[in-house]
Amino acid sequence: MEQPAIGDAFGEMIRDAYAVRTGIGPRPLAGGRLPRPVIEVIERDDGLINGAPADHYLDEPEAWQPHDHRALRLCRGHVLDIGVGAARIALELQRRGFAVTGLDTSPGAIEVARKRGLRDTVLSTVDGYARASARYDTFLLLGNNLGLLEGPERAPVFLEALARLANRGARILAQGADPYGTKDPVHVAYHQRNRARGRLGGQLRLRLRYRLVASDWFDYLNCSVDELDQLLKGTGWHLKSIDQKDRPYYLAVMEQDH
């Protein structure tokens, strides 16, 4: 069986989702003529395959989850939106007059964010960008992007990079998901498998598939609030507040230690 090419699977997916939504540009076709819905396929290292429509990355505020709206009310100063994707959050902040920078590692995502009107974009990893002279008051990890902490090994490195980009009194606004309320035997077994390997239960090993392209395998973290609190110890950041109105999703506010 042919193996997928490794490349910008997320970017190709977002480009196509944008083309299908706007009718502008080449679109994947079903039956040779009709636009095909763009599906994000996520493959987990235990063999689980999940698929979901990719159109939500382009959602306008009226289609957002309540915690997204509450997060925007907590933004202040110069904002760095990490994992900006198609810029659904960053564009709304820009409309509200915020100075906002969108950062992503996907060239396709950055291209779509710019096409949609986001003025300030950076194609980089957080680690690479930490050497820049820019400084921020708010870091966004929304759309479940608390997952970018990856796990106990990576989290301190990631948070140290943010500290280098932080103005005094900066905050991180991160949306996460507590994975442990599930009764699904597939997920429960995965949590047990992870713990047997010395990983956090909700530490995911994933790759994204889109058409003929796959991303590299990467870690992505779903964790409880208590696990997040433990991950922050010794990093120079602490948990300021937790909003759990939309369980199992939560909004964490982290601030630097004084």
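**Salt bridges in the predicted model**

Modeller: Arg-164 is partly exposed, with a relative accessible area of 34%; the term covers values between buried (under 20%) and exposed (over 50%), computed with a 1.4 Å probe on protein chains only. This is a predicted model, in which local features need pLDDT of at least 70, side-chain atom pairs count only at pLDDT 80 or more, and totals for chains, interfaces and linings use all residues. Residues are numbered from 1 along each chain as its sequence is written, and side-chain values use heavy atoms, with hydrogens and water left out.

Colleague: Why is the contact of Glu-160 and Arg-164 called a salt bridge?

Modeller: A salt bridge requires a side-chain nitrogen of Lys or Arg within 4 Å of a carboxyl oxygen of Asp or Glu. The N to O distance for Glu-160 and Arg-164 is 2.3 Å, so the pair meets the definition.

Colleague: What makes Glu-160 count as partly exposed?

Modeller: Its relative accessibility is 40%, which lies in between the two cut-offs, so the term applies.

Colleague: Why is Glu-92 called buried?

Modeller: Glu-92 has a relative accessible area of 12%, so the value falls under the limit for buried. Its salt-bridge partner Arg-96, with closest N and O atoms 3.0 Å apart, is partly exposed at 44%.

Colleague: Which residues are linked with Glu-92 in a network of salt bridges?

Modeller: The network links Glu-60, Glu-92, Arg-95, Arg-96 and Arg-116.

Colleague: How many salt bridges does the structure hold?

Modeller: The structure holds 21.
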